[in-house]
Amino acid sequence: MTTDAFLFWFLALVTFISALGVVVFANPIFSALSLVMTMVTVAALFATLNAFFLAGVQLIVYAGAVMVLFVMVLMLFDLHKEKKAFTQGAFSGSVKLLLGGLLAGLIVGAVSMSKELYKAISDQAVTNSATGIESTKALGQLLFTQYIFSFEVLGILLLVIAIGVVALARSKGGTHVK
Amino acid sequence: MGSDIVEIGINGIKLVLIFLMMVQAVPILVWVERRGSAFIQNRLGPNRVGPLGLLQLLADAVKFLTKEEFVPAKGVPFLYYMAPIFALVPGAVAFSAIPMATPLLIDRFELFGQMWGPYTILFQGYEIGVGVVFVLGISSLATYSILMAGWGSGNKYSLLGALRASAQIISYELALGLSIVGVLLLNGSFNFGEIIAAQQGPLAFTFIGHTVTVPFLPNWGVFYQPIGALLFLTACFAESNRLPFDLAEGEAELVAGFHVEYGGFKMLLFFIGEYGHMIVGSSMFIALFLGGYHFPFPGITPEVLRYYATELGYGPQGVSIFTALILFLSFFVKLALLLWFFIWVRWTLPRFRYDQLMDLGWKTMLPWALANTIITAIVIQISKI
Amino acid sequence: MLNEAWIEPGLNHYLMLSAIIFSLGLLGVLLRKNAIVMLMSIELMLNAVNLTFVAFSKYSGNINGQVMVFFVMTIAAAEAAVGLAIVASIFKRFKEVNIRFFEHLKG
Amino acid sequence: MDHQTLVAVLLLAPLVGFFINGFRYRKHNHLVAGAIATTMVFISFVCSILLFLNLTEMKEENRRIVVSFFEWLKVGNFKAEFSFVIDQISGIMILIITGIGSLIHLFSIEYMHHDKGVAKYFSYLNLFVFNMLLLVLGSNLLVMFAGWEGVGLCSYLLIGFWFSDESKAAAGMKAFITNRIGDAAFLIGMFILFLQFGTIDFANLNGLAPSTPTHDWLNPLTIACLLLFIGATGKSAQIPLYVWLPDAMAGPTPVSALIHAATMVTAGVYMIVRLNPIFMAAPNALLVVAIVGAATAVIAASIGIVQNDIKKVLAYSTVSQLGYMFLGVGVGAFGSALFHLMTHAFFKALMFLGSGSVIHAMHEEQDIQKMGGLKKYLPITHLTFAMGWLAILGFPGFSGFFSKDEILWMSYHSPMGHPALWVAGVLGAVMTAFYMTRLMALTFWGESRVPKNIHPHESPALMWIPLVVLAILSVIGGWIGIPHIISEILPGHPANIWEHWLNPMITKIPGLAAANPQEEWTLMGVSVTLVLLSSGIAFIFYGKASELPSKLSENFGGLYRLLVDKYRVDEFYEKALIRPFVWLSENLWLHVDVSFIDRCTHWCSNFVKGAGAMARTVQNGNLQQYAMYMALGLVVILSYILMR
């Protein structure tokens, strides 16, 4: 077992457990913290895939901003442990569980039965550089040439959302001292 | 990761050393802060225990360790206990990614009847290609310790303090991230090593085909990015929740914010976390704007030092160790001065009001940082003509 | 069962992991009644998809996948902001974040 | 300015006034609203004058201005341009409408002073002017019909202007519904004309009118003309649809002056004059028109004799005078009818405004039995009213004399006329003289019967200026159409400008013999003498406060009651038409609509509701269930792809 393999299996295990935690913790705050853990391990998995920049962005954006928002909202709402974390209905609940299991089973089965995808090219190209600097540069170049339009649209989307969210969550009278 | 057992061992030892360095800096800083504040406020400060009150540190440590352990009745014990530990981790992890001197070269040597080496040991915890992003990402996790503490304490003041603190940290993280984009653009790299290497020697740059050299100034980022440096330093204050940005623990309104319910050793851990933040911020500032471990005198470059060491008769191993130690000294002095600056500011400036704080972050610093980024990009494009 | 080829991580491993995480997220959406937890489950699903993108990007040597991840992250952040704002509005109105209360929004 | 712009301004100015006052009717007081509305109509008046002057400068053969804005409708070979024509007829009409209109607007400013909805009132008035202009300017029947409906609407709105009074609102509805009957006939007549000639454009229609008249009663042309005439009876208050006009006096008095005396009610006459070649081709229809006109003139006048409401008297007088116009039209004297239309517009508007002034002075008192001796309180009103009185009497030299005498003469002389029609006309004139003198005597002369708590006063200048202007017009208005035989004995022999002006537009009466001056003089003398006699009797009856009227009414009680009850026409309509109709409607409602159609529709809707309820269980708003369906679909599709 090489270090790479050890790292992967360790991270996969932690990811799985914390993802499970998101779904099963009755207290939403623990769910959220569990999700933070998942985010961090997914960032680590990105790093094992040599996507260092994305790992950093994952940490900053997801773990550092989005999840903080979630945790803050949850704490503000002061939701203590819920008596019933799951929606009622034994039948529909079991159907839903079955569906989730089937989906996972189908994909895992399909993937495992397939031949090794892309096995040949695993050690080449920009993505495999040791530091990830080149991959970051390539990412930037792609983003600002081929995907420039999407990038701009995304910027506009963010602006619209910023305005919309402020309008939606605005409280009467404002928060500032007059 | 290393390729054999010795290298792994060395790396492990290195991490422990860096962690210890950070932790051990804290008592000293506490003493400096207390003496320094007294000095600034025209008081005496702790001066009874030991010479200059230096043994006060030990007395404090004993006091912290012997205090009563308790869990708030309405708190969440798991979060309550985890919060101080999480306060420590991001600072330590982030600090490890910052290089403090040139690498050490270790010759082949024999141990346990086996030949090992040669090794190149970096003077930092680990080398990461996109170090800047990594440090930013890791330090953004620090919010969670505050939120966990605030929620886990089961106390309104704690929660409010925690929410304030995390909102503040998120807000200022934006300005922080944007303020360094200028430096990143100039260097075209996320790597601390490359950024620091680019800052050695005298101030020299080319602008539209003209090469300008200022022989008496170092080639530091702060001369290229003064606004960026100022914004970064300010945001660092906010990130570490220190005065004038310590709204989260404003005694007058929130008693003591998220650590109302903490005492004893857990409190100490929070202290270490806060100082850890300061250390990480200062190190990053040094690496990005103050030339890293390079001397402020443009004449004294690592090459010059290596040359002297060779003159003194050291071999390659000795030369590298000599150079690294001297450069580490340079880094250490800069760090000490910056930390003193942090303390100095804390005891000089008054506290902001919360809305002023948010206005400063969103309405002043963010636009300035954006403008700085855009202007830098334009100037870089122009200078390439 | 556990032969050497199985232990060494490859594309398949990442894909399976992401499939499992995706399904967990799906179950979270289907089963939890707290709207915020549902939003978090959606984030989980998006993360699983991101993992797939990065894995394919690495193993096909094509960096475009990482660009997609970049976009997904941005949109996920936006989605989280909007979702939370709506949940906050609902909470203000009903003092409850049970997803069934959102049915009050229908015509 | 070119013609198109002028016409556009002419039409749009009142519309703009309508919008300005209409949108801000809560904000404008009577001065602002009145100034805006009056200015707008005055702008139209100026445009009319400019257009009219343009018209006079043109050559006689093609003296018409046609302005087309856009193609309105085009379905198959049915085509209607949104276009307007200004020729000899409509040129005069727009002068009358905008000229008298501006005077009445001016009068209204003071008259409506105290009303809360004054801006609304002015906006309606402006809208009316716009629609009336549309009516007279339209170059085809469709545009005319648009205006026709528009004036009906405005009439309804203005009659029921004080709708908080239920009887006034009912009067408005009565006018509206009665007009609808006429409008339906008008529309059908229009369709028949289109079927017959393939066009609804006036110029084309008149050009296509057959030169040889048809005497067949069932000829489509005759039927179309009769239907159009029914439309005219509705709008112009002729038998049998005249009942709405007396009730229409519920509206503000200036409205009565503008709409129910000077302009809208003459639309029927205008329409027939406009289509005179068509009508000339259907002499039978014209005969009906003449008989109805004469009958209306007599009957309405006879009702007018016993009315005590000042406005009701004037209303019946209007109906009667409109009867004269139709009599003129019916015997082929289109020019004379139009002439009488104009002079009538002057003196009747004058009298209505005068009555408005009186009512204003009497604090909304309309009963002439409670007036009397107002001469000394309202000198200007009295003087101007007297001018109107002389004009309607047909006192020689006044405008009414020339126009009415012309019609009477033609009804005798024209080959389409008949001595009986002349007799009816003279009878009407005699009665007109009687009741108008009675009105004068009871209102202005004799002893004052004004209640003690009312102190009459002369109206302010804004109200009497229009009166004076109209009085002058009532006197001199007839001088442009002095008949041949009178002009011969006058110094300078003034030409008959009117006849000359209208000549190209009017179809010649076939077989019209040369006038015999002696005969004409005789007839004129007879009618004038009888009229003077009748007014003399009325003066003695009422001016001298004799006992005769009450004695007469006692002796002829049956007749008197019949007259007071207006021949019980309303009651007859109620019994013969309205009740059966209501009965039919009720039965249809209860037995067809409720028990059959509703049941069918309920069954349909219940079916849909049931189906929806079944389908709704799928879409129950439960987000997680939706997500489950999505997951289900995902699993199914995935397994299908994998199993393939």
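Before you click anything, a word on what gets called a helix or a strand here: helices are DSSP runs of H or I with at least four residues, strands are runs of E with at least two, and numbering starts at the N terminus. Keep in mind, too, that everything on screen is a predicted model. For the complex, the predictor gives an ipTM of 0.78 and a pTM of 0.57.

**Stop 1: chain C.** Select chain C and colour it by secondary structure. You'll find four helices and zero strands, so by those DSSP runs the chain reads α-α-α-α along its sequence. Chain C has 107 residues, and 56% of them count as buried. Among its contacts with a separation of 6 or more, 47% link residues 24 or more positions apart.

**Stop 2: where chain A meets chain C.** The contact takes 75 residues from chain A and 60 residues from chain C. On the chain A side, the elements giving two or more residues are helices H1 (3-24), H2 (28-48), H3 (52-77), H4 (90-113), H5 (133-144) and H6 (148-169). Colour the chain A side by residue type and it splits into 55 nonpolar, 14 polar and six charged.

Stop 3: Switch to chain D, where the mean pLDDT is 87 and 100% of residues reach 70 or more. Select residues 65-75 for strand S1 and 78-86 for strand S2: they run antiparallel, joined by nine bridges. Show D:Phe70 and look across to S2(D) for its bridge partner, D:Phe82. Two residues sit between the strands of this hairpin, and D:Gly76 in the turn has a positive phi of about 60 degrees.

**Stop 4: the cores.** Which residues have the most contacts inside the largest nonpolar core? Pick D:Leu133, D:Ala337 and D:Ala349, in a core of 203 residues. That core lies between domain 1 (1-139) and domain 2 (180-558) of chain D, because both give residues to it. Zoom in on D:Ala337: leaving aside neighbours within four places in sequence, D:Ala337 is in contact with D:Val269, D:Val273, D:Met325, D:Gly328, D:Val329 and D:Ile407. To finish, look for a second, separate core of 178 residues, which includes A:Ile29, B:Tyr293, B:Met365 and C:Leu17.

Definitions and conventions. Residues numbered from 1 in each chain as written. Chains lettered and ligands numbered in written order. Predicted model: local features only at pLDDT ≥ 70, side-chain atom pairs only at ≥ 80, totals over all residues. Core = buried A, V, L, I, M, F, W, Y, C linked by C-beta atoms within 7 Å. Buried ≥ 20, exposed ≤ 12 C-beta atoms within 10 Å, placed from the backbone. Domains from an automatic or database assignment. Contact = placed C-beta atoms within 7 Å. Nonpolar A, V, L, I, M, F, W, Y, C, P; charged D, E, K, R; others polar. pLDDT = per-residue confidence, 0-100. Pairing = 2+ DSSP bridges.
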